[in-house]
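Reader: I would like to learn how to read charged side chains in a model. Please take me through a case.

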Amino acid sequence: MKYYLIAGERSGDFHASNLMRQLQQQDSAADFRFWGGDLMQAAGGTMVHHYQEMAIMGFWEAATSLLKFRGYLKECQRDMLEYKPDVVILVDYAGFNMRVAKFAKEQGIKVFYYISPKIWAWNQGRVHKVKALVDRMFVILPFEEEFYQRFGYKVDYIGNPTADAVAEHPAAPDFYQRNNLDPQKQIIAVLPGSRKQEIEEMLYEMVAILPPFLNYQFIVAGVDNLDPNYYAHFERNNVRILFDQTYDLLAHATAALVTSGTATLETALFGVPQVVCYRTSAVTYAISKALIKVRYISLVNLIADREVVKELIQGEFNSRNLVTELKKITADEEFIAQQKAGYAELREKLGRNNAAAKAAKLMVGYLSKG
């Protein structure tokens, strides 16, 4: 069968690539065409565009790139008609993908959604649009199945692929030696995000708090979809940049400063005490605050349905608060124990389900039945 996949960011590329490999196990004739990244390219098939070209965050930022997005959408529609897929598989990235879903539905092409858009956080009324446009939804957060059920929409909960990835990550005993790190100093991991806009908002503040923590080494998780030279001016005494070693970094970290996103869940699953950080443009924040329907922004707190990790958002994300909270997760043993107890609850809720394999089996089954 012919599969047309769209992932618009780094985490989507990772999860989609695993799904593609599992689809190949279920369907020996699987043929892929996709909008995604290097990991999907390694899995096989033909890339139309790299997600780097489409990585825009925030309402204001998206509005100023509207013509660019319209051009991509038109190109996607033409390309889809030429390829004639059996199914379109959309991976998160709702702003673009829901428009693709509408077009595919109009053309009589089946639409699967792998990793639900976060409509439970923003505009819950959009669930009716999802029901109308998406043939099968595959969700990865425990509360999403119940959310959709409230609207009479049956979805497939497949487990969480991030939990699978963390559990399967091999140990790296040579981490300090391989990266020429000081084995006598504990590590504070700094995860500023994977998009340039995120990093510009977050990283300066995150590494500006060094003086009270000189007995630690700050290690920034860099990503290879950005020019390495971009990170150069952040590197200084006690601050190192390591590229594409995030899981190895978390496996050796004592504490972490993490930009809100999938990384908060990854950090929790590695058992690393963390402070969740987020700041965006004033316009985007004002719109978000008016629309958001949930109490928390981090996946850790959302899944736990309580505050397990501290969230420093917008004005609260400043050097003074960062120092205060980082001291708690490095020196306050009772606070650290409470956070790790919350992590244990999180792991129990997520379990292990081999999510990508389960999703692939269901997808091929649904398509075979027509």
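Author: This is a predicted model. Start with Glu-146, which is partly exposed, with a relative accessible area of 41%.

Reader: With which side chain does Glu-146 meet in a salt bridge?

Author: The general idea is that side chains of opposite charge can pair when their charged atoms come close. Here Glu-146 meets Arg-150, at 3.1 Å from N to O.

Reader: How many salt bridges does the count come to?

Author: The count comes to 15 salt bridges. One of them joins the side chains of Arg-136 and Asp-156, at 3.0 Å from N to O. Arg-136 is in strand E6 (residues 136-139) and Asp-156 in strand E7 (residues 156-157), so this pair ties together parts 20 residues apart in sequence.

Reader: Are Arg-136 and Asp-156 buried or exposed?

Author: Buried means under 20% relative accessible area. Arg-136, at 19% relative accessibility, therefore counts as buried, and so does Asp-156 at 11%.

Reader: Which residue forms a salt bridge with Arg-295?

Author: That residue is Asp-305, and the closest N and O atoms are 3.1 Å apart. Arg-295 lies in the loop between helix H14 (282-291) and helix H15 (299-304), while Asp-305 lies in the loop between H15 and strand E13 (310-313). Arg-295 counts as exposed, at 60% relative accessibility.

Reader: Which residues form the positive surface patch?

Author: Arg-70, Arg-99, Arg-126 and Lys-129 form it. Of these, Arg-99 sits in helix H5 (residues 94-106) and counts as partly exposed at 49% relative accessibility.

Key. Residues numbered from 1 in each chain as written. Predicted model: local features only at pLDDT ≥ 70, side-chain atom pairs only at ≥ 80, totals over all residues. Heavy atoms only, no water. Patch = residues over 30% accessible without salt bridge, like charges linked within 9 Å, V, L, I, M, F, W, Y side chains within 5 Å. Areas by Shrake-Rupley, 256 points an atom, 1.4 Å probe, with all protein chains shown as cover. Salt bridge = Lys/Arg side-chain N within 4 Å of Asp/Glu carboxyl O. Lys, Arg positive; Asp, Glu negative; His and termini not counted. Charge placed at Lys NZ, Arg CZ, Asp CG, Glu CD. Helix = DSSP H or I, 4+ residues; strand = E, 2+ residues; numbered from the N terminus. Buried < 20%, exposed > 50% of the residue type's maximum accessible area, 1.4 Å probe, protein only.
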